[in-house]
Every structure is written in structure tokens, then in C-alpha cells.
Amino acid sequence: MLRARIAGTGMCVPDRVVTNADMTQWMDTTDEWIQQRTGIRERRWVEPGQGPRDLAQGATLAALEDAGLDVSNVDCILLATLSAQHDFPGTSFFLHEAIDAGDIPCIDLRAQCSGFLYALQMADALIVARRYHRVLVVGCEVHSTGLDISTEGRDISVIFGDGAGAVLLEGSEAEDGPGLLEVRVHAEGKHARKLWTESPSSAEPSRLTHEMIDDRRIFPVMDGRFVFKHAVTRMPEVLLETLSAASVKLEDIDLFLFHQANLRINEFVASKLNIPESKIMNNIQRLGNCSAGALPILLAEASRGGRLEPGQLVSLTAFGSGFTWGSAVIRWG
Ligand code: COA
């Protein structure tokens, strides 16, 4: 049976640490408020001159090294992001250039915080259909250059961090061997405006106007409580759906990785499903919410930090703008 297995993981976050104390210089907030509501102590933000391409490149090279392979072994690149290097054509093409990927195809995929899982599902389908043998999946985000760091934008700006993670997936024939057992993804477009950046917009007579900037419509906004409520409902739902489709029991999962949007969301999901703390890993305290980058970064940290042994089962679950949500279950090795 052909399965997509993870041959290597990698991550890259900027060196610049932005603490909650730093935030208090720009907006009316406190370290206590941020930690209490979100669990975040600090996040990484890019330095001037550093962009999505650089983080994606760092994560990719680390994943290739981990797999013991080089770019000539990659057949296709899928890159999930909501914060493109350039809106047109995106980020993956600049990554392609940076790693000298010849003429292999690359695709930008937009599913926000669930982007990595959407990309994983597509990579899996491409591998199992024998279209490509090795697919590089990257989740990459630079939020910091597009945030309203005044008091007006404080609810969302304290949450976001910059970072990229990558995995190299390859076809593996071993009977009952390691690899992706199941990925399920969903969307509910009617809630798209609950967490979004309205402008620039190609639906407007002029895509970007001074008025949009003056009205601060170029910054992300969210209905935080609405998002929270949906996240804590959809995440357990899709996690269980995915395990059931893979015929895996909840208690057989060795490690649960949740999207890093808010530590309180993850605590809520864990208590709803009775998952012991020892089976959960979070890094939002150090990195904030890196959207599409969050899960592959967490996976790279789990792999490098000795949290995953060959044969173990890992469950990944996310929820985000769109709304989108999804879950995957992987046999490690
Ligand atoms: N510092 C201090 N006060 C803040 C603040 C900040 N950074 N951000 C908001 N506040 C204030 C609000 O202005 C509000 O004040 P008011 O009562 O005087 O109007 C108060 O805190 C409560 O705001 P509210 O938005 O109701 O707080 P909350 O308990 O819902 O927590 C979030 C806000 C953002 C932490 C929470 O809603 C959340 O995590 N939502 C989900 C986020 C998420 O998952 N996003 C997905 C990204 S992919």
C-alpha cells in the first residue's frame, strides 16, 4: 500500500524576540492580559529586509537536510500562507527561486491557519495517485509587517508571530508502514468576514486606495469570541472524525498537536476530549500564532525534541479564517 510518509521536518523563525513588555510600548495592553487570555509571553517578528521567502527557505533547507536529500529530489512544492511575499504571484515562486528548484511546479495555497493540513491532504493525494514521489509542504507566515500595533488593533496584533515550517513527504510502500493515515478538512465561507483583512480588494473599483489605508481596512480584524466558540467546537469534531476514518482510537494517540492560536482554545479542546496534558505539546508561549506555519513548526520541534518515536501516532488539528478547519493522523517513522 502506497502511503505518504514524512521524510524530514524543518523550521525557521526570526531571531528578533518581541515580548509582551515590548507590546506595551505601542498599545494599551499588559503582559498579564495577554498571558491570561492567550498564554503568549513572546513571539518572533522579522527584521527589516527579512520576508516570507527567507523563512520558507530556512525551513525548507532544514527539512531537506533532515531527510538527507537535496532540492533535486523534490518533485513539487505546496506552500500554504495568508501573508504572501507579493500578492501576485505569491510566495512559493520566490522560494522556488531561492532554493534553485529548476522547473518543478510550485503552488501557493490559501487556507489560513488550516493551510498546512489542506496542503498535506493535497500532497498526500498527489503522492498516492503516483503523480509525484516527493512533495515539499511548507507553511509560512509573516504577520508582523501587516498588523495594526496601535491600541485599536490590540486584540489581534498581540496574537500573531512570524515563522515557517516544512515537511518533505515521500511515497512509501511498506505494508502498515509509517505515513499519513488520514486527513480531513472543512470550510464554512459564510463566516469569512469574522476574521479577515478587507483591503486591498480586487472586488473594489480600485484595489488599494488612500481611503482604505486611512480607514485602517488594510489591517486584520476578528470577532474574537465568535472565532473562539467555533474553534472549540470544530476542532474536537474534526479530530474525532479523522480518527474514526483512520480506525484509530483517541487513547492510542501518543502526541496531540493543535494549531497555536490561543493556549486557552487548546486547553478547552483537551479538556473536552479528556486528553492528558502529557500528550500535548504547545509552543505558542514562545512563538505566538504563526497561522499556516504553526503546525509544521510544532511538528519539527516535536521531531527534533525527541517527542516522537518511530511507530508512534501523532494527531494534528487546526482551525482558522475562512472559516477552515481540519485534522490529520500520522504514524511516525
Ligand atoms: N490588551 C488589553 N486589553 C485588550 C486587548 C489587549 N491586547 N485586546 C482586547 N482587549 C480588551 C477589549 O478591548 C475588551 O475591553 P472592553 O471590555 O473594555 O470592551 C476586553 O479586553 C475584552 O475583549 P474581548 O475581545 O471580549 O476578550 P476575549 O476574552 O474574547 O479575548 C481574544 C480576546 C482575542 C484573546 C479571544 O477572543 C480569542 O482568543 N479569540 C480567538 C482568537 C483566534 O483563535 N484567532 C484565530 C486566529 S487564526
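The structure before you is a predicted model, in which local features need pLDDT of at least 70 and side-chain atom pairs count only at pLDDT 80 or more, while totals for chains, interfaces and linings use all residues. Residues are numbered from 1 along each chain as its sequence is written, and side-chain values use heavy atoms, with hydrogens and water left out.

Let me begin with the ligand. There are 20 residues around the ligand, and Thr29, Arg37, Cys113, Arg225 and Asn262 come nearest; a residue is near a molecule or strand if one of its heavy atoms lies within 4 Å of it. By class, this shell has 10 nonpolar, five polar and five charged residues. Here Ala, Val, Leu, Ile, Met, Phe, Trp, Tyr, Cys and Pro count as nonpolar, Asp, Glu, Lys and Arg as charged, and the others, Gly among them, as polar.

An N or O atom in the side chain of Arg37 is 2.5 Å from an oxygen atom of the ligand. For Trp33, a polar side-chain atom lies 3.3 Å from a ligand oxygen atom, and for Arg225 the corresponding distance is 2.8 Å. On its own the ligand has 960 Å² of accessible area, of which the protein covers 73%. Accessible areas come from the Shrake-Rupley method with a 1.4 Å probe; for residues, only the protein chains shown count as cover.

Which helices each supply at least two residues of the shell? They are helix H2 (31–38), helix H6 (154–157) and helix H8 (224–245), and H8 gives the most, with four residues. Helices (H or I, at least four residues) and strands (E, at least two) are DSSP runs, numbered from the N terminus. The ligand lies between domain 1 (3–172) and domain 2 (179–331), because both give residues to the shell around it. The domain bounds come from an automatic or database domain assignment.

I turn now to the strands. Five of them form an open sheet in the order E8-E14-E13-E11-E12, with mixed pairing. Strand E8 (179–187) and strand E12 (280–281) are the edge strands, each pairing on one side only. Two strands pair if DSSP finds at least two bridges between them. In general, strands of a sheet pair through backbone hydrogen bonds, either parallel or antiparallel.

An antiparallel case is given by E1 and strand E7 (residues 163–172), which pair over nine bridges. Within this pairing, Gly8 stands opposite Leu168 in E7. Strand E1 (residues 3–12) is largely enclosed by the rest of the structure, because nine of its 10 residues are buried. Buried means under 20% relative accessible area, exposed over 50%, and partly exposed in between (1.4 Å probe, protein chains only).

Helix H11 (residues 294–304) is likewise largely enclosed by the rest of the structure, since nine of its 11 residues are buried. Among them are Leu295, Ile297, Leu298 and Glu301. Just after H11, Gly306 takes a positive phi of about 75°.

Is Ser83 buried or exposed? With a relative accessible area of 12%, Ser83 is buried. Ser83 has its place in the loop between strand E4 (76–80) and helix H4 (92–98). Its side chain makes a polar contact with the side chain of Glu141 (2.7 Å). A polar contact is a pair of N or O atoms within 3.5 Å; within protein, one must be able to donate a hydrogen and the other to accept it, and residues adjacent in sequence count only if both atoms are side-chain atoms. A polar atom of the Ser83 side chain also lies 2.9 Å from the backbone nitrogen of Val142.

Finally, some backbone geometry. The peptide bond from Ser199 to Pro200 is cis, with omega near 0°, and Pro200 is in the loop between strand E9 (195–196) and helix H7 (210–214). The bond from Gly322 to Phe323 is also cis, with omega near -20°. Gln112, not a glycine, has a positive phi of about 50° and is buried at 11% relative accessible area. Ser247 has a positive phi near 55°, but is exposed, with a relative accessible area of 70%.
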